[in-house]
Amino acid sequence: MYHLNYMKIDNNIETRLLRKEIGARIANCRILAHVKQAELAERSGISRCCLSRLENGVGGVSFDSVSEVMRQLKLLPALNLTFPEPTSPPHELVQQERTA
C-alpha cells in the first residue's frame, strides 16, 4: 500500500517510479490530515477510484485531478518552492536567451 521509505526524486527517476512516489506522498498527506479517501475524492470532484489510482501511482490520472487533490490538501503553495515566480515575462526571457 503506502510506504514510509521515500525515494529521493531526481532527474534520473523513471516515470513509473515518479508516479508511485508522488502518489505515496499524496496519500501520506491525506492520511496525516485525517481525511478519508472517499471524502477527499468528493471534495476534489473525482471518483474514489481515480484518487486510488493517483495514490497508487497508476497512470492515466489527469493534471486537473492531481492539481485539485493537491488544492484540497493545501499542497499547492509548496509548488512555489519548485517553480519560483519569474523575474520577467516568458517572452522577454526567450528574447534575452536569443541575444545572449
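Arg25 and Glu21 form a salt bridge in which the closest N and O atoms are 3.0 Å apart. The structure is a predicted model. Over the whole structure, a search finds five salt bridges and zero disulfides.

**Salt bridges within a helix**

- Arg25 and Glu21 both belong to helix 1 (residues 15-32), where they are four residues apart, about one turn of the helix.
- Arg71 has a relative accessible area of 45% and is partly exposed.

**A salt bridge between helices**

- Arg30 forms a salt bridge with Glu55, and the closest N and O atoms are 2.6 Å apart.
- Because Arg30 lies in helix 1 and Glu55 in helix 3 (residues 48-55), this pair ties together parts that are 25 residues apart in sequence.
- Arg30 and Glu55 are both buried.

**Cysteines**

- The search of the whole structure finds zero disulfides.
- Cys29 takes part in no disulfide, and the nearest cysteine sulfur, that of Cys50, is 17 Å away.
- Cys29 is partly exposed, its relative accessible area being 29%.
- Cys49 is likewise in no disulfide; its nearest cysteine sulfur belongs to Cys50 and is 7.5 Å away, whereas a disulfide requires sulfur atoms within 2.5 Å.
- With 45% relative accessibility, Cys49 is partly exposed.

Terms used
Residues numbered from 1 in each chain as written. Predicted model: local features only at pLDDT ≥ 70, side-chain atom pairs only at ≥ 80, totals over all residues. Heavy atoms only, no water. Buried < 20%, exposed > 50% of the residue type's maximum accessible area, 1.4 Å probe, protein only. Salt bridge = Lys/Arg side-chain N within 4 Å of Asp/Glu carboxyl O. Helix = DSSP H or I, 4+ residues; strand = E, 2+ residues; numbered from the N terminus.
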